[in-house]
Amino acid sequence: MTAPVMDATSARTLVDHGFFTRLSRRVANASALDQKTADAATDQALAYLATCAQKPAGAPSLFMSRAVDPAWHAFLEFTHQYDDFFTSRGWPKVHHNPCDGGPDGTQAYPPAAEVLPRTVAAIKDAGFRVVPELWTAEMSCGEGDGGDTCGDDGGGGNPLPTCEHSV
């Protein structure tokens with residue numbers, strides 16, 4: 001006897017359809033993305049946030065990709081819906097504390113090639129679909145940063161204690 005195969009879930013199902021459409025349109029407009037890419041980035045941001053909120057204590061930090069980060073930023077603008085996303089499920093809220101870098105400019109997040117595969121695996125393990133091209137290691141947060149990610153979930157792997165994406 002074999003176990004049934006479960007299909008991965010689209011994270012867009014975590015929010016009302018009308019709100020998803022509104023949020024995704026904002027992502028498209030604010031980031032100059034075509035609507036299909038904005039829909040995918042929005043879905044992936046929701047998957048990332050749901051995965052971070054449910055991450056077991058002591059699990060490695062998960063990191064955001066540059067391609068998905070604008071959708072998280074757009075979601076944060078909808079404060080009521082953002083709070084409800086977590087509280088309605090009894091999840092801890094994933095906070096966003098942007099990083100301005102270290103005083104001497106030498107501190108950096110771990111390389112994307114190191115941490116994004118772990119994030120993708122966690123999202124898949126949480127049962128969500130992943131859009132691989134939005135989680136590539138080539139993503140970076142700024143010029144000359146060597147492909148670093150845009151921050152983490154604050155789960156302990158952040159080398160810059162004052163800038164984090166934390167639960």
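This is a predicted model: local features need pLDDT of at least 70, side-chain atom pairs count only at pLDDT 80 or more; totals for chains, interfaces and linings use all residues.
**Stop 1: threonine 42**

Start by selecting helix H2, residues 35–53, and pick out threonine 42 within it. Is this residue buried or exposed? Threonine 42 has a relative accessibility of 1%, so it counts as buried, the cut-off being under 20%. A polar atom of the threonine 42 side chain sits 2.8 Å from the backbone oxygen of alanine 38.

Which residues does threonine 42 touch, once those up to four places away in sequence are set aside? Select Phe20, Leu23, Ser24, Val27 and Ala71 to see them.

**Stop 2**

To see the meeting point, show side chains on both helices. From H2, select Ala41, Thr42, Ala45, Leu46, Tyr48 and Leu49; from H3, select Ala71, Trp72 and Phe75, which they meet.

**Stop 3: valine 94**

Leave the helices for a moment and find valine 94. Look in the loop between helix H4 (79–87) and strand E1 (95–97). Valine 94 has a relative accessible area of 0%, so it is buried.

Now bring back leucine 49, one of the H2 residues that meet H3. Along the chain, valine 94 and leucine 49 are 45 residues apart, yet their C-alpha atoms are separated by 6.7 Å.

**Stop 4: helix H5**

Next, select residues 112–125, which form helix H5. Its 14 residues reach 19 Å from first C-alpha to last, close to the 20 Å expected at 1.5 Å a residue.

Colour the buried residues of H5: Ala112, Val115, Leu116, Thr119, Val120, Ala122 and Ile123. Why do these residues lie on the same side of H5? They cover an arc of only 160° around the axis, and that puts them on one side of the helix.

Then turn the model around: the face of H5 turned away from its buried side carries the exposed residues Ala113, Lys124 and Asp125.

Technical notes:
Residues are numbered from 1 along each chain as its sequence is written. Side-chain values use heavy atoms; hydrogens and water are left out. Helices (H or I, at least four residues) and strands (E, at least two) are DSSP runs, numbered from the N terminus. Buried means under 20% relative accessible area, exposed over 50%, partly exposed in between (1.4 Å probe, protein chains only). A polar contact is a pair of N or O atoms within 3.5 Å; within protein, one must be able to donate a hydrogen and the other to accept it, and residues adjacent in sequence count only if both atoms are side-chain atoms. Contact means heavy atoms within 4.5 Å. The expected span of a helix is 1.5 Å times one less than its number of residues. The arc is that of the directions from the helix axis to the C-beta atoms.
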